[in-house]
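The sequence and model are shown first.

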Amino acid sequence: MNVFSGCLRWGVWGLLLLLGMGCRPAPTDSDRLPNIVLLVADDLGYGDLSSYGHPTIHTPNLDRMAAEGLKLTSFYTPSPMCSPSRAALLTGRYPLRASVPHVLGPESAQGLPPEELTMAELLKPLGYRTALFGKWHLGAQPGLLPTDQGFDEYLGLLYSNDMMPPWVQTERPLALWHNTEPVEHPVDQSRLTVRYTAEAVRFIREQGDRPFFMQVAYAMPHVPLAVPAERVGHSEGGLYGDVVETIDWSVGKILATLAETGLDTHTLVIFTSDNGPWTNMPDRMFSEGLIQRWDAGTAGPLRGHKNSTYEGGVRVPGILRWPGRIAPGRVSAALVATLDLFPTVAALTGAPVPEGHLLDGYDLRAFLFDGAPSPRTTFAYERGQRLEAMREGRWKLRVDPDTGVAELFDLQVDPYELYNLAGDHPDQVARLRALMQEHASALGAVLTPVRVGPGPGG
């Protein structure tokens with residue numbers, strides 16, 4: 001079945017469901033719609049899982065998920081900050097195109113615009129049940145909540161778990177929300193991962209043969225860190241390790257539930273992080289002694305951190321598992337981004353994307369299932385209104401936003417961004433700069449004026 005006939009088939013079916021004109025037949029294994037489970041950690045660094053090289057944090061469930069599926073080592077989120085990266089993840093559009101270039105606060109009047117199409121809204125007309133358990137951070141005002149953007153169920157925090165005094169001066173209390181109402185304040189953050197996991201397990205068990213899309217957006221390892229009393233001291237990696245290993249426990253529970261319900265082979269599970277580790281926390285975070293400087297993860301060998309367009313800010317863990325569809329034990333350095341998940345899910349399900357609705361991602365089906373090259377060859381690094389870097393193939397050009405120095409890195413041999421080759425390859429600088437200008441013009445991004453930096457080792 002080609003993409004166009006698939007769109008027609010499921011588009012008509014979805015219309016019938018919406019109008020109440022037909023009943024969905026019992027699906028067979030060959031034609032049933034796949035379930036989609038999207039697991040997103042907050043501020044988890046590239047090097048925070050044992051399968052990505054951490055020496056003291058042990059993540060056996062995520063490691064098994066990688067061994068049974070695909071582990072990506074060049075997986076990108078298009079912003080090094082929370083709200084923009086989450087907007088891109090759910091819409092398949094760069095943050096500027098999705099109109100969420102900055103982090104949203106508790107009192108922000110803005111959010112993900114209602115006219116944006118989320119993955120949940122894409123799938124609901126096909127009969128999917130949709131749920132989000134965890135952090136939203138795409139709008140905290142009426143009309144901008146998860147239930148306004150396609151999610152049938154919601155339980156979680158509307159923004160980051162530190163957005164309260166003493167770290168953020170706000171009059172709005174940090175509360176746990178259920179659908180459209182706050183249900184707990186103050187929030188017992190030590191139980192958040194456990195509660196989200198219980199909701200995820202319940203939701204899976206309730207669906208039966210009905211397809212579902214579920215996002216579990218963990219509040220951590222964003223600070224302040226907290227775990228249940230029974231998990232304190234569980235990890236050799238300290239409190240941060242306890243938090244990450246609790247997330248790993250959660251992933252294990254979710255995978256086990258899929259197996260127990262017979263849904264394992266009908267479900268695509270994706271695990272990633274919204275951005276890199278917050279190793280550059282400002283001094284205000286330590287004012288009360290409740291957060292320590294080491295309450296942050298690691299980007300492993302990569303340079304940079306959250307809020308940075310070096311690799312450590314935007315290159316994150318990426319694990320995809322679908323037994324029987326994705327070959328086990330595969331590790332790939334191919335260029336892939338969270339932007340690619342939306343069009344891939346649309347193609348997998350036959351969900352039609354409205355005409356004229358531009359996406360910035362690519363359909364990954366041939367890459368995932370047939371071992372074909374990734375269709376993505378370029379990637380733009382946005383930070384706020386500014387476009388700071390562009391990658392094409394092995395080459396990355398970054399323009400320092402403060403100095404305008406051009407930094408050219410060969411990521412194939414230097415993923416650590418140690419050696420600036422701009423002075424040696426002016427042709428590559430010019431070519432990538434032209435790509436940056438094209439992208440900035442299309443999305444209204446700001447570019448820093450550039451000057452060529454030093455040569456190797458500079």
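Leu39 touches Val216, Tyr218, Val251, Ile254, Val269, Ile270, Phe271 and Thr272, where residues up to four places away in sequence are not counted; contact means heavy atoms within 4.5 Å. The model is predicted: local features need pLDDT of at least 70 and side-chain atom pairs count only at pLDDT 80 or more, whereas totals for chains, interfaces and linings use all residues. Residues are numbered from 1 along each chain as its sequence is written, and side-chain values use heavy atoms, with hydrogens and water left out.

The largest nonpolar core has 108 residues, and Leu39, Leu123, Phe213, Met214, Ile254 and Phe271 have the most contacts inside it. Such a core is a set of buried Ala, Val, Leu, Ile, Met, Phe, Trp, Tyr and Cys residues joined through side-chain atoms within 4.5 Å, buried being under 20% relative accessible area (1.4 Å probe, protein chains only). Helix H6 (residues 238-260) gives the most to this core, with eight residues. Another core, of 30 residues, lies apart from it and includes Tyr76, Leu387, Leu408 and Leu421.

## Overall fold

The protein chain has ten helices and 17 strands, assigned as DSSP runs numbered from the N terminus (helices H or I, at least four residues; strands E, at least two). Buried residues make up 60% of its 458 residues. Its C-alpha trace spans about 65 × 55 × 45 Å along the principal axes.

How values were computed:
Buried < 20%, exposed > 50% of the residue type's maximum accessible area, 1.4 Å probe, protein only.
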